[in-house]
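Here are my notes on the model you sent. Please read them with the structure open.

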Amino acid sequence: VVLTIDQHLQYVAEQSLARAVRQYHAKAGSVLVMDPRSGEVLAMANLPTFDPNRFARSSAEGRKNRAVTDVFEPGSTNKTITAAAALQHGVVTPRTRITVPPALELCPGVKTFHDAHEHGTEVLSFAEVVAHSSNIGTIQVAKALGPQRLARAELDFGYGRRTGIDLPGESPGIILPVKDWRCTDLGVNAIGQGVAVTVLQMASVYATVANGGVLMAPTLLRGTVDAAGRFEASQRKPGRRVLSAATARTLSRILEGVVAEGGTGTLAALDEWRVAGKTGTARKPDPKRRGYLAGAYVASFIGFAPAERPAAVVAVVLDQPTPIYGGVVAAPVFREVAGTALRRLGMPPSLPPKAVR
C-alpha cells in the first residue's frame with residue numbers, strides 16, 4: 001500500500017502541534033494538510049497520541065484519530081460557508097456596505113448576539129466583516145441569504161455526512177435539518193455554532209474554495225504495489241462542483257484579508273507566499289447539559305497557500321488552549337506547517353523578498 005502521507009511533512013506537523021499543545025496548555029489538537037486539487041492528505045497529526053511500539057500501554061484517547069472521529073463546533077471558520085453562499089447567490093459583493101450595531105437581537109427576548117470586542121455602530125464592507133470576523137455583520141448577511149440557502153450550502157460542502165476517507169471510525173458530524181430550525185438557528189449556524197464537524201470536514205471546505213469551487217473526496221491511498229513491484233494508482237472519485245469558479249476566486253481574495261494587516265489571522269502570514277484563511281474561536285458544548293462549558297474553547301486556523309494558486313490546505317485545531325484565540329495559538333502552527341508544505345512541494349515564492357533594514 002502506498003500512502004499519500006509525506007514523511008517529512010508529517011514529522012513537522014507532529015512537532016509543531018506538540019509544541020503548541022505544550023505552550024498553550026491545550027487538552028488536545030489536530031493538524032491536517034491536504035492537496036486541494038487531488039484530495040490527497042499529506043499529513044495528519046493528533047495529540048494525545050501513542051507509541052505503536054508500546055501499543056498495550058496506550059490509552060483509548062491516545063489511539064483515536066480525532067481529526068476524523070471527533071466533532072467540534074467550528075465557530076468563525078464556518079463563516080466561510082456563509083460568505084460562499086452569500087456571494088454565490090448575489091446577496092453581497094466584497095464591497096457591499098453593512099451596518100454593524102453593537103448588539104443584534106435576532107429573536108426578540110430570546111437571544112442577543114455580540115462581537116468578540118465592544119464597538120459602536122460601524123459600517124463595514126462585506127470583505128471587512130470577514131476580515132474582522134464580525135458575528136453581527138455575518139448574521140446580517142445570513143438574514144438576507146435566508147435559512148434555506150444557508151442550510152443547503154452546509155450540506156453542499158459536506159456537512160452531515162462522511163467524506164469517505166480510507167480510515168475507520170469517521171464521524172458524519174452533527175447538523176440540524178432546516179425544517180427543525182428555530183428562530184436563533186439562522187444566527188448560530190451563520191457563525192459556526194449549533195453545528196458540529198470534524199477537522200477533516202473543515203479542511204475539505206477550504207480545499208473546495210482553493211480548488212476553484214470543486215470538492216475532491218479526501219484520500220490517504222495513492223495506490224498499491226504488487227509482488228512484481230508494479231505500481232497501480234488508486235481509483236479516484238470525480239470532483240463535485242459546490243461553487244462557481246468566479247465565486248471561489250472572489251472568496252479567496254476576501255480570505256486573504258483575514259491574514260492582511262487589520263485581520264484576525266496576521267500570525268498565519270508567510271514571507272514568501274500569499275495566504276488565504278480564517279480564524280476560529282468557538283465555545284465547547286457541555287456534554288452533560290444544555291449550554292456550554294465555562295471557559296472552554298476550541299481555537300482554529302484553516303487556510304491555504306499560495307492564495308492565487310493553492311497547493312496546500314492546512315487545518316490547525318487546538319482543544320482548550322490558553323489563550324483561547326485561533327489567531328493567536330493556531331495561526332503560528334499554520335505558518336510553520338504551510339511553509340514546510342510549500343517548500344516540500346517545490347512551490348516558487350510568489351511574494352517579493354522583504355527589504356532588509
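1. Salt bridges, definition and count. A salt bridge here is a side-chain nitrogen of Lys or Arg within 4 Å of a carboxyl oxygen of Asp or Glu. Over the whole structure, 19 salt bridges are found.

2. Basis of the model. This is a predicted model, in which local features need pLDDT of at least 70 and side-chain atom pairs count only at pLDDT 80 or more, while totals for chains, interfaces and linings use all residues. Residues are numbered from 1 along each chain as its sequence is written, and side-chain values use heavy atoms, with hydrogens and water left out.

3. Arg 54 and Asp 51. These two form a salt bridge, with 2.8 Å between the closest N and O atoms. For accessibility, buried means under 20% relative accessible area, exposed over 50%, and partly exposed in between (1.4 Å probe, protein chains only). Arg 54 is partly exposed at 47%. Asp 51 is partly exposed as well, at 30%.

4. Glu 40 and Arg 236. What separates the closest N and O atoms of this salt bridge? The distance is 3.0 Å. Glu 40 sits in the loop between strand E2 (28–34) and strand E3 (41–47), and Arg 236 in the loop between strand E10 (231–233) and strand E11 (240–241), so the pair ties together parts 196 residues apart in sequence. Helices (H or I, at least four residues) and strands (E, at least two) are DSSP runs, numbered from the N terminus. Glu 40 counts as buried because its relative accessibility is 11%. Arg 236, at 33%, counts as partly exposed.

5. Arg 335 and Asp 271. The closest N and O atoms of this salt bridge are 3.4 Å apart. The pair links distant parts of the chain: Arg 335 is in helix H12 (residues 331–344), and Asp 271 is in the loop between helix H10 (245–259) and strand E12 (276–285), 64 residues apart. Arg 335 counts as partly exposed at 33% relative accessibility. Asp 271 counts as partly exposed at 38%. Elsewhere, salt bridges that share partners join Glu 61, Lys 64, Arg 66 and Asp 70 into one network.

6. Charge. The protein chain carries 41 positive and 29 negative side chains, and the centres of the two sets lie 1 Å apart. Lys and Arg count as positive and Asp and Glu as negative; His and the chain ends are not counted. Each charge is placed at NZ of Lys, CZ of Arg, CG of Asp or CD of Glu.

7. Overall fold. The protein chain has 12 helices and 14 strands. The C-alpha atoms fill a box of roughly 70 × 50 × 45 Å along the principal axes. Of the 357 residues, 53% are buried.

8. Contacts. Contact means heavy atoms within 4.5 Å. Among contacts between residues at least 6 apart in sequence, 71% join residues at least 24 apart.

9. The start of the chain. Val 1 lies in the segment before strand E1 (2–3). Is Val 1 buried or exposed? At 77% relative accessibility, Val 1 counts as exposed. Leaving out residues up to four places away in sequence, Val 1 touches Leu 221 and Gly 223.
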